[in-house]
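This report describes selected features of one protein chain, as they can be read from its atoms.

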Amino acid sequence: MINFKCLGTGSKGNCYLLKSEKETLILDCGIPIKKIKQGLDYNISNVVGVCVSHFHGDHMLALKDLENIGLRVLTPAKDERVGKFLGKFYVDRFELPHNGTENYGFFIKIDGQTILYLTDFEYCKYRFDNLKPDHIFVECNYQDKLVSRDLPHYEHKIKGHSSLDTCKGFVYANATDNLKTVILLHIGDETCNPEECVEDIKTVLDSSVIVDYARSGINIELKDDKCLF
């Protein structure tokens with residue numbers, strides 16, 4: 001069984017854990033190392049690696065600290081263009097446009113389940129429906145109706161982040177009968193209503209798919225079938 005745990009999300013810092021029975025993979029590390037250790041229940045020995053999407057502070061704050069304690073960290077600076085095993089997690093990456101910053105999404109396989117992780121992107125030029133993802137973790141940063149051109153950093157918001165419509169289109173294009181879970185990431189504090197977004201995403205999915213949004217402390221069990229009981 002795989003679990004998804006959110007230690008932090010949004011502009012104040014992003015960090016998520018994927019936990020199998022004996023191993024943990026960290027997705028982004030944009031919060032203080034102390035909070036990451038707390039989220040791991042101080043069990044660093046089970047961590048097999050860290051995947052960093054891009055070099056912005058809210059995604060890589062604790063990168064050096066994690067490297068200094070001996071963890072293997074996959075970053076944009078490393079020219080690893082083919083998939084790698086981090087413990088039993090198979091990880092491959094793909095480019096995502098983020099307003100001129102080198103940025104990657106991750107394709108992950110563990111215990112027969114396929115997971116997509118995408119954050120801080122204007123759009124995604126790839127389709128993954130042929131890979132039949134079981135779980136999609138995808139940014140839903142803003143709703144067009146809540147964004148004003150007078151907003152500070154407006155251009156970066158539009159060119160560097162995924163709107164609800166972009167998120168919805170990606171989920172719809174990559175949903176197959178295998179899809180079981182969609183988790184919305186990096187919700188904008190004042191530019192996104194998470195409950196509205198969850199309900200909107202549900203309209204393009206089978207009713208059996210679990211749709212939720214990341215917030216600090218949430219722990220979601222990723223089912224390996226669509227049976228809820």
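In this predicted model, helix 5 passes helix 6 in a right-handed crossing. The residues that make the contact are L164, C167, K168 and V171 on the side of helix 5, and C197, D200 and I201 on the side of helix 6. Two packed helices are described by the angle between their axes and the distance between the axes. Here the axes of helix 5 (residues 164-174) and helix 6 (residues 194-202) come within 10 Å of each other and cross at roughly 35°.

**Salt bridges**

The number of salt bridges in the model comes to nine. Three of them are listed in the table below, each with the distance between its nitrogen and oxygen atoms.

| Salt bridge | N to O distance |
|---|---|
| K64 and E67 | 3.6 Å |
| K180 and D134 | 2.3 Å |
| R215 and D212 | 2.5 Å |

The pair K64 and E67 belongs to helix 3 (residues 63-68); because the two residues are three places apart in that helix, about one helical turn separates them. K64 is exposed, with a relative accessible area of 56%, whereas E67 is partly exposed at 28%.

The salt bridge of K180 and D134 has a N to O distance of 2.3 Å. K180 is in the loop between helix 5 and strand 11 (181-185), and D134 is in the loop between strand 9 (113-118) and strand 10 (135-139), so this pair ties together parts that are 46 residues apart in sequence. Both K180 and D134 are buried.

In the pair formed by R215 and D212, the closest N and O atoms are 2.5 Å apart. R215 is partly exposed, since its relative accessibility is 34%.

D28 lies in strand 3 (residues 24-29). Its side chain does make polar contacts: one with the side chain of H59, at 2.9 Å, and one with the side chain of Y117, at 2.6 Å. Apart from neighbours within four places in sequence, the residues in contact with D28 include N14, C15, Y16, C51, V52 and T119.

**Two further buried residues**

H135 is located in strand 10. Is this residue buried or exposed? H135 is buried, because its relative accessibility is 0%. The side chain of H135 is joined to that of T181 by a polar contact of 3.0 Å. Residues up to four places away in sequence aside, H135 touches Q113, T114, I115, L116, L179, K180, T181, L222 and K223. One of these, K180, is also a partner in the salt bridge with D134.

L63 is placed in helix 3 and is buried, with 5% relative accessibility. Beyond its neighbours within four places in sequence, L63 is in contact with C29, V52, F55, V73 and T75. Between L63 and P76 there are 13 places in sequence, and their C-alpha atoms are 12 Å apart in space.

**Loop residues and backbone angles**

Most residues other than glycine have a negative phi. Y42, although it is not a glycine, has a positive phi of about 60°. Y42 is found in the loop between helix 1 and strand 4, and it is exposed, with a relative accessible area of 55%. D111 is not a glycine either, and it has a positive phi of about 50°. D111 lies in the loop between strand 8 (104-110) and strand 9.

N43 is found in the loop between helix 1 (33-39) and strand 4 (47-51). With a relative accessible area of 30%, N43 is partly exposed. Its side chain is joined to that of S45 by a polar contact of 2.8 Å. N43 and I187 are 144 residues apart in sequence, and the distance between their C-alpha atoms is 28 Å.

How values were computed: Residues are numbered from 1 along each chain as its sequence is written. This is a predicted model: local features need pLDDT of at least 70, side-chain atom pairs count only at pLDDT 80 or more; totals for chains, interfaces and linings use all residues. Side-chain values use heavy atoms; hydrogens and water are left out. Helices (H or I, at least four residues) and strands (E, at least two) are DSSP runs, numbered from the N terminus. Buried means under 20% relative accessible area, exposed over 50%, partly exposed in between (1.4 Å probe, protein chains only). A polar contact is a pair of N or O atoms within 3.5 Å; within protein, one must be able to donate a hydrogen and the other to accept it, and residues adjacent in sequence count only if both atoms are side-chain atoms. Contact means heavy atoms within 4.5 Å. Axes are lines fitted to C-alpha atoms, for helices over the stretch in contact, and angles run from 0 to 180 degrees between N-to-C directions. A crossing is left-handed if the near helix is turned anticlockwise from the far one by less than a right angle, and right-handed if clockwise. A salt bridge is a side-chain nitrogen of Lys or Arg within 4 Å of a carboxyl oxygen of Asp or Glu.
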